[in-house]
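Here is a friendly tour of how the inside of this protein is packed. Have the sequence and the coordinates open as you read.

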Amino acid sequence: MPNEKIYQMDFAKTYQLLINKAVRKGRTKQEVAEVTCWLTGYTLEELLDMQQKHLTYAQFFENSPKLAENTPLIKGSVCGVRVEEVKEPLMRAIRCLDKLVDELAKGKAMEKILHR
């Protein structure tokens with residue numbers, strides 16, 4: 001799927017898919033929110049508000065207050081793509097969120113996921 005199609009996806013629908021993935025593996029919606037807020041700088045209230053708006057996935061990331069300083073420490077593969085090799089900043093941020101939710105779904109401890 002070309003980047004532009006990913007950027008145009010509806011944020012609320014895509015975010016719900018991330019939540020569903022984590023919940024199926026025994027994690028919670030709140031944990032997904034925690035990693036999302038950590039990565040993007042949104043507060044929980046802002047994140048909840050973003051889910052009610054008609055935003056694209058790109059708009060959600062472009063409007064984020066500030067990506068986490070430890071974002072460069074997020075490494076690994078998502079859908080066969082190495083996160084650390086993604087050069088385009090917007091796509092890298094999207095892949096980072098995917099990777100964080102993957103780690104959450106695999107049962108990794110929150111402290112390790114957030115690279116604190």
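Phe61 counts as buried at 6% relative accessibility, where buried means under 20% relative accessible area, exposed over 50% and partly exposed in between, with a 1.4 Å probe and protein chains only. Before going further, note that this is a predicted model: local features need pLDDT of at least 70, side-chain atom pairs count only at pLDDT 80 or more, and totals for chains, interfaces and linings use all residues. Residues are numbered from 1 along each chain as its sequence is written, and side-chain values use heavy atoms, with hydrogens and water left out.

Now to the aromatic rings. Rings of Phe, Tyr and Trp (its six-membered ring) pair if their centres lie within 6.5 Å; planes under 30 degrees apart count as stacked, over 60 as edge-to-face and the rest as tilted.

| Pair | Centre to centre | Between the planes | Type |
|---|---|---|---|
| Phe11 and Phe60 | 3.9 Å | 10° | stacked |
| Phe60 and Phe61 | 5.2 Å | 85° | edge-to-face |

Phe11 sits in helix H2 and Phe60 in helix H5, so their pair ties together parts that are 49 residues apart in sequence. Helices here are DSSP runs (H or I, at least four residues), numbered from the N terminus. Phe11 is buried at a relative accessible area of 0%, and Phe60 is buried with 0%. One aromatic cluster is formed by Phe11, Tyr15, Tyr42, Tyr57, Phe60 and Phe61.

What does the largest nonpolar core look like? A nonpolar core is a set of buried Ala, Val, Leu, Ile, Met, Phe, Trp, Tyr and Cys residues joined through side-chain atoms within 4.5 Å. The largest one has 38 residues, and those with the most contacts inside it are Phe11, Tyr15, Leu39, Tyr57, Phe61 and Ile94. At least two of its residues come from each of H1 (3-8), H2 (11-24), H3 (29-40), H4 (44-52), H5 (57-62), H6 (89-105) and H7 (110-113). H6 supplies the largest share, nine residues.

Leaving aside residues up to four places away in sequence, Tyr57 touches Ile6, Tyr7, Met9, Phe11, Thr14, Leu18, Ile94, Leu97 and Asp98, a contact being heavy atoms within 4.5 Å.

Finally, the cysteines: the structure holds zero disulfides, a disulfide being a pair of cysteine sulfur atoms within 2.5 Å. For Cys37, the closest cysteine sulfur is that of Cys96, 16 Å away and too far for a bond. For Cys79, the closest cysteine sulfur also belongs to Cys96, at 13 Å, again too far for a bond. Cys37 is buried, with a relative accessible area of 15%, whereas Cys79 is exposed at 72%.
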